[in-house]
Amino acid sequence: MYKAPRGTSDILPQEQAYWKYIEEKAAYLCQLYGFQPVATPIFEDSQLFARTISGGTDIVDKEMYIFEDRSGQKLALRAEGTAPVCRAYLEHGLFNLSQPVKLYYIGPAFRYERPQAGRYRQHHQFGVEAIGSADPALDAEVIELAQRFLLSLGLSRFYIHLNSIGCNLCQPNYIEALQHHYSGYRAHLCPDCQTRLLKNPLRLLDCKKASCQKAAETAPKILDFLCPECQSHFQSVQQYLKTLGIPFKLNHRLVRGLDYYTRTVFEVVPQKEGAQSALLGGGRYDNLIEQLGGKPTPAVGFASGIERLILNLKEEKANTPPLPKPVACIAYLGEEAKNEAIKLASELRQAGIAVIKTTGDKSLKGQLRQANSLGTNYAIIIGEREVRAQSAILRDMMNNKQKIVPLSEITAALSQ
Ligand code: HAM
């Protein structure tokens with residue numbers, strides 16, 4: 001028997017209600033905030049991710065799905081959404097539009113991770129990207145959208161963590177201080193952090209292993225190293241968040257797992273925190289467009305993992321509307337009745353009324369049981385007698401009352 005590949009899952013109908021609910025809330029809010037939908041391919045030139053997320057990150061070093069196509073081109077399954085959207089922004093000259101260009105997407109991302117609750121090899125992201133403005137008010141707006149999105153889903157037990165990781169001017173000084181500090185602890189660091197110390201020192205702060213906590217607790221804080229411009233940008237972001245009444249926690253150890261970030265970074269984590277719990281994460285990436293060959297173009301965005309949202313919706317027992325059910329179920333007995341049932345089902349669907357036709361090879365009792373399990377409001381029963389009279393029994397499944405209605409009047413009766 002084949003099984004879905006490890007770290008992937010099938011999304012069966014009973015789960016689809018959550019997906020539809022989340023996608024509709026996301027689309028509604030994006031429209032309110034002026035974000036337009038965009039979709040990029042599932043695979044890209046592998047260098048797009050390797051250069052932007054950068055070596056030294058787990059995603060690029062260990063997790064990308066890379067393959068060669070038949071022409072020998074090296075491609076990668078989409079590891080995240082930001083770099084592809086920036087590529088599309090440049091490729092289609094969206095810089096000629098009024099800035100910032102605000103885009104959102106919903107789609108799968110692929111990372112070869114060790115699967116566990118909330119961490120998959122194929123997960124789905126809802127993401128937004130606002131490209132073309134450095135205004136700190138835009139950072140606050142994007143964070144407000146993130147918060148409103150989670151609240152509108154019915155989630156409430158989360159914290160917003162906020163930090164600034166500076167720019168090309170101030171970050172190198174900080175990294176030097178960080179390396180100097182961690183060098184004193186080198187012998188005690190976990191093997192990953194030994195490598196990070198050389199290849200990606202910022203990520204040292206993010207390590208959750210007990211062996212690395214002592215070094216992290218006493219590490220220099222990036223906020224003490226920000227240049228005056230980054231200081232003032234970060235102050236403004238915080239000021240605007242206060243104006244909007246959005247609570248946040250400053251977290252000087254928040255650095256994010258992708259290398260393109262500059263200045264503002266943020267993550268939303270459930271109050272009951274686990275190791276892989278971020279509901280969403282994002283920040284500024286003011287150098288990314290230039291790195292991809294464009295003019296210097298500041299930008300900010302976030303992405304949220306839909307599977308993690310669903311886990312949290314279930315945990316918080318949030319009410320999600322069920323998928324719409326069919327209105328009626330048509331049961332019939334005999335070949336002639338089947339003919340009428342086929343005609344009637346087609347007519348009802350033409351009128352926009354959702355119906356299910358039972359298979360008819362069961363007893364009437366069996367067919368009505370099927371109607372009951374489908375949760376339809378009505379059952380329409382057609383037997384030989386009804387065919388002769390060109391009528392049907394219309395049964396209200398809620399109160400078990402029934403009446404005989406001419407076949408030609410069923411659609412009108414159900415439309416009411
Ligand atoms: P990220 O933090 O790598 O950021 O992923 C965004 C969100 O996707 C995470 O907060 C988490 O909810 C979810 N996620 C990530 N990996 C997995 C996984 N293996 N299984 C389940 N869920 C996962 C980005 O991808 C950036 N592109 C976000 C961004 C947009 N920054 C600026 N704009």
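**Figure 1. Lys 102 and the backbone of Tyr 33.** In this predicted model, a polar atom of the Lys 102 side chain lies 2.7 Å from the backbone oxygen of Tyr 33. Lys 102 belongs to strand S5, which covers residues 101-110. Lys 102 has a relative accessible area of 16%. Residues under 20% count as buried, so Lys 102 is buried.

**Figure 2. The residues around the ligand.** The ligand is surrounded by 27 residues. The closest are Glu 80, Thr 82, Glu 113, Glu 129 and Tyr 261. By class, the shell has 11 nonpolar, nine polar and seven charged residues.

Figure 3. Tyr 120 places a polar backbone atom 2.9 Å from a nitrogen atom of the ligand. Ala 278 has a polar backbone atom 2.9 Å from an oxygen atom of the ligand. At Phe 302, a backbone N or O atom is 3.3 Å from a nitrogen atom of the ligand. On its own, the ligand has 660 Å² of accessible area, and the protein covers 96% of this.

Figure 4. Helix H6 runs through residues 171-183 and has 13 residues. From first C-alpha to last, H6 reaches 18 Å. That is close to the 18 Å expected at 1.5 Å a residue. Which residues of H6 are buried? They are Gln 171, Tyr 174, Ile 175, Leu 178, His 181 and Tyr 182. Seen down the axis of H6, these buried residues fall within an arc of 125°, so they line one face of the helix. An α-helix has 3.6 residues a turn, so residues three or four places apart point the same way. Glu 176 and His 180 are exposed on the other side of H6.

Figure 5. Helix H12 takes in residues 335-350, 16 residues in total. At 1.5 Å a residue, H12 should span 22 Å. The end C-alpha atoms of H12 are 23 Å apart, which agrees. Buried in H12 are Ala 337, Glu 340, Ala 341, Leu 344, Ala 345 and Leu 348. These residues cover an arc of only 140° around the axis, which puts them on the same side of H12. On the other side of H12, the exposed residues are Glu 335, Glu 336, Asn 339, Lys 343 and Gln 350.

Figure 6. Ile 143 sits in helix H5, residues 136-153. Is Ile 143 buried or exposed? Ile 143 has a relative accessible area of 1%, so Ile 143 is buried. In sequence, Ile 143 and Val 268 are 125 residues apart. In space, their C-alpha atoms are 9.5 Å apart.

**Figure 7. Gly 366 of helix H13, with Ala 331.** Gly 366 is part of helix H13, residues 364-374. With a relative accessible area of 10%, Gly 366 is buried. How many residues apart in sequence are Gly 366 and Ala 331? The two are 35 residues apart in sequence. In space, Gly 366 and Ala 331 are 9.5 Å apart, C-alpha to C-alpha.

Terms used: Residues are numbered from 1 along each chain as its sequence is written. This is a predicted model: local features need pLDDT of at least 70, side-chain atom pairs count only at pLDDT 80 or more; totals for chains, interfaces and linings use all residues. Side-chain values use heavy atoms; hydrogens and water are left out. A residue is near a molecule or strand if one of its heavy atoms lies within 4 Å of it. A polar contact is a pair of N or O atoms within 3.5 Å; within protein, one must be able to donate a hydrogen and the other to accept it, and residues adjacent in sequence count only if both atoms are side-chain atoms. Accessible areas come from the Shrake-Rupley method with a 1.4 Å probe; for residues, only the protein chains shown count as cover. Ala, Val, Leu, Ile, Met, Phe, Trp, Tyr, Cys and Pro count as nonpolar, Asp, Glu, Lys and Arg as charged, and the others, Gly among them, as polar. Helices (H or I, at least four residues) and strands (E, at least two) are DSSP runs, numbered from the N terminus. The expected span of a helix is 1.5 Å times one less than its number of residues. Buried means under 20% relative accessible area, exposed over 50%, partly exposed in between (1.4 Å probe, protein chains only). The arc is that of the directions from the helix axis to the C-beta atoms.
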